[in-house]
Amino acid sequence: MFGTRFYNQGFKKLIVAFGQIFNNIVIQRTNSTGGVTARIKVPLAYAPKEKFLVRLDQQSNLESREFATTLPRMGFEITGLAYDSSRKLTRVQKYSKVKSNEDGKKMNFNYTPVPYNISMNLYVFTATAEDGLQIIEQILPYFQPDYTVTVNVVPDLGIKRDIPIVLGNIGYEDTYDGSFTQRRAVIYTLSFTAKTYLFGPMDNQGVIKTVQADVGTDTDSPLTREERIVVVPNPSSADADDDFGFTTTISFFNDGKRYDPETGNDT
C-alpha cells in the first residue's frame, strides 16, 4: 500500500514556497553622507544552522588568508511535523477532474488531505548588527503574525491551497566575546509554523455513464426486481468534460427475475 505510487511532493513544494518568501532580501552599504555605495543580495540556502556555525568556527581567525564564508547569509530547514486535529476534514470528500489526453473517458481523483503543522527555522547570519537589523526589518512587517502563500499542490486536479505561515519566536545571538582578531557573527533564528495539508497519491478511474438501481420487497440476495431506476447522461454520447444533463427511466416488473452483476443479465 505504501510507497507503491507517486505522491504529490507536498513537502518539496512547501519548501520552495517558503524559500521564495525570503529570496529577495537586499542590504545596503552607505557612506558618511548617507549615500548608497553598494547593494548586496543576501544568499539563501536550505541548510541546518550547525553547518554554517561549523564553517564560521573553522574560519574564525581574521588573520588567516584562507577563503572565508561570506556574510551576510541566510539558511532555513524543517525542524518538525505535527498532526493538527483542529483542522481535520471529512474523510469521504473526493476531488476529481477529467484526465487529459483521454477524450473524457477517465477521471483523475484524490481523497481528503490530512492537516499538518510544519515547523521551520530561518537563520540569519551577519557580521554586523546593522546588517542583521536591515534583514530583519524586511521580514517582520509581513508577518502579523502570519503570511499566506498559495501553493499549486495537485496541478492535475487544479487544487491550490492557501497556506498560512505563522511567525513564532525570534532568537538573537551575538558572538562578541574573544580577541579582536576573532570573527564576529550576529545570528537571528526565526521560528515559523506552516499550516498545510498533505495529499496522498492521485489515482484515476473510468467515467461512470450508467447507474442502475433495483428496488423490491425481497430481502434475499440478489434482489428480485420489482422496480428499476436507470440514470444516464443526456445526451448519451456526452463525455465527462462536456455540458450535459441526465435522463432517468423508471420501469416496473412482476416477472420475479433478478439482475446478475457478473453477466449483466436478468435471470
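Reader: By class, how many residues in the lining of the second largest pocket are nonpolar, polar and charged?

Author: This is a predicted model, and the count over the lining uses all residues. The pocket has a volume of about 250 Å³, and 17 residues line it. By class, the lining holds 11 nonpolar, 4 polar and 2 charged residues.

Reader: Which element gives the most to the lining of the second largest pocket?

Author: Nearest the centre of the pocket lie Val207, Ile208, Lys209, Phe244 and Phe246. Two elements give two or more residues to the lining, strand 11 (203-206) and strand 13 (227-234). The one that gives the most, with 3 residues, is strand 13.

Reader: Which strands stand at the edges of the open sheet of 6 strands?

Author: The order in this sheet is 3-4-7-10-9-8, with mixed pairing. Neighbouring strands are turned by 30 degrees against each other on average, direction ignored. Each edge strand has a single partner strand, so one side of it is left without a neighbour in the sheet; the two are strand 3 (44-46) and strand 8 (146-154).

Reader: At about what angle does helix 1 run to strand 8?

Author: Helix 1 (residues 10-21) lies across strands 3, 4, 7, 8, 9 and 10. Angles are taken between N-to-C directions and run from 0 to 180 degrees. For helix 1 and strand 8 the value is about 140 degrees.

How values were computed:
Residues are numbered from 1 along each chain as its sequence is written. This is a predicted model: local features need pLDDT of at least 70, side-chain atom pairs count only at pLDDT 80 or more; totals for chains, interfaces and linings use all residues. Side-chain values use heavy atoms; hydrogens and water are left out. On a 1 Å grid over the protein atoms alone, a cavity is a set of points where a 1.4 Å probe fits but cannot get out, and a pocket is an open set with protein on both sides within 12 Å along at least five of seven lines; lining residues have an atom within 4 Å of a point. Grid points are joined across faces, edges and corners, and a volume is the space filled by probe spheres set on the points. Helices (H or I, at least four residues) and strands (E, at least two) are DSSP runs, numbered from the N terminus. Ala, Val, Leu, Ile, Met, Phe, Trp, Tyr, Cys and Pro count as nonpolar, Asp, Glu, Lys and Arg as charged, and the others, Gly among them, as polar. Two strands pair if DSSP finds at least two bridges between them. Contact means heavy atoms within 4.5 Å.
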